[in-house]
Amino acid sequence: MQEPKWEMVDSVAGELQAELLRGYLEAQGIPVYLSQEGVGHLVYPVNVGPLARVDILVPSDEAGRAREALESYYAGSLEAPQDENEFPTENEAGAS
């Protein structure tokens, strides 16, 4: 079996933003690999400058879908659930 080729779809500042985007993409079924410069996350994490950059990589065959998802994320055009019963109300959440 051949290993997938990974393609960079974004580069963000810091691990926190990278982890948020990883979760967002993985929730859509897109595998994600994060890559950061070696000294960027050692004893003292670097949060600014080029060493804070984290590359977000996905399999090449998922790159188009990942870019579309990221475009929606950055544009703030993510859709809320259409079914109002999908999330419990405050009273329902406290009743359990």
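Select β2 and strand β3 (residues 53–59): the two run antiparallel and are joined by four bridges. The coordinates belong to a predicted model. Within this pairing, show Y33, which stands opposite L57 in β3.

The three strands make an open sheet in the order β1-β3-β2, with antiparallel pairing. The edges are β1 and β2 (33–36), each of which pairs on one side only. Ignoring direction, neighbouring strands of the sheet are turned by 30° against each other on average.

**The helices on the sheet**

Select helix α1, residues 15–27. α1 lies across β1, β2 and β3, and runs at about 15° to β3. Then select α2, which also packs on the sheet, touching β1 and β3. The direction of α2 makes about 20° with that of β1.

**The core**

Which residues have the most contacts inside the largest nonpolar core? Select V9, L25, I56 and V58. The core they belong to has 16 residues. β1, α1, β3 and α2 each supply at least two residues of it.

Stay on I56 and show its neighbours. Leaving out residues up to four places away in sequence, I56 touches E7, M8, V9, D10 and V12, among others. The list of contacts for I56 also includes A18, L21 and L25, as well as V32, Y33 and L34.

E26 sits in helix α1. Is E26 buried, partly exposed or exposed? Its relative accessibility is 39%, so E26 counts as partly exposed.

**The aromatic rings**

Next, turn on the tyrosine side chains. The count of aromatic pairs comes to three. Start with Y24 and Y73: the ring centres are 5.4 Å apart and the planes stand at 40°, so this pair is tilted. Y24 lies in helix α1 and Y73 in helix α2 (residues 63–75), so the pair ties together parts that are 49 residues apart in sequence.

Y73 and Y74 form an edge-to-face pair, with 5.3 Å from centre to centre and 75° between the planes. Ring pairs link Y24, Y73 and Y74 into a cluster.

Colour these three by accessibility. Y24 has a relative accessible area of 17% and is buried, because the cut-off for buried is under 20%. Y73, at 26%, counts as partly exposed. Y74 is also partly exposed, with a relative accessibility of 46%.

**The salt bridges**

How many salt bridges does a search of the whole structure find? The search finds three.

Select E7 and R67 for one of them, where the closest N and O atoms are 3.0 Å apart. This pair links distant parts of the chain, since E7 is in strand β1 (residues 6–13) and R67 is in helix α2, 60 residues apart. Both ends are partly exposed: E7 has a relative accessibility of 27%, and R67 has a relative accessible area of 36%. E7 was already on screen as one of the contacts of I56.

Why are R22 and E19 separated by about one helical turn? They are three residues apart in helix α1. R22 counts as partly exposed at 23% relative accessibility, and E19 counts as partly exposed at 37%.

The last stop is E62 and R65, with side chains that meet in a salt bridge at 3.0 Å, N to O.

Notes. Residues numbered from 1 in each chain as written. Predicted model: local features only at pLDDT ≥ 70, side-chain atom pairs only at ≥ 80, totals over all residues. Heavy atoms only, no water. Buried < 20%, exposed > 50% of the residue type's maximum accessible area, 1.4 Å probe, protein only. Phe/Tyr/Trp six-rings, centres within 6.5 Å; stacked < 30°, edge-to-face > 60°. Salt bridge = Lys/Arg side-chain N within 4 Å of Asp/Glu carboxyl O. Pairing = 2+ DSSP bridges. Axes fitted to C-alpha atoms, helices over the stretch in contact; angles between N-to-C directions. Contact = heavy atoms within 4.5 Å. Core = buried A, V, L, I, M, F, W, Y, C linked by side-chain atoms within 4.5 Å.
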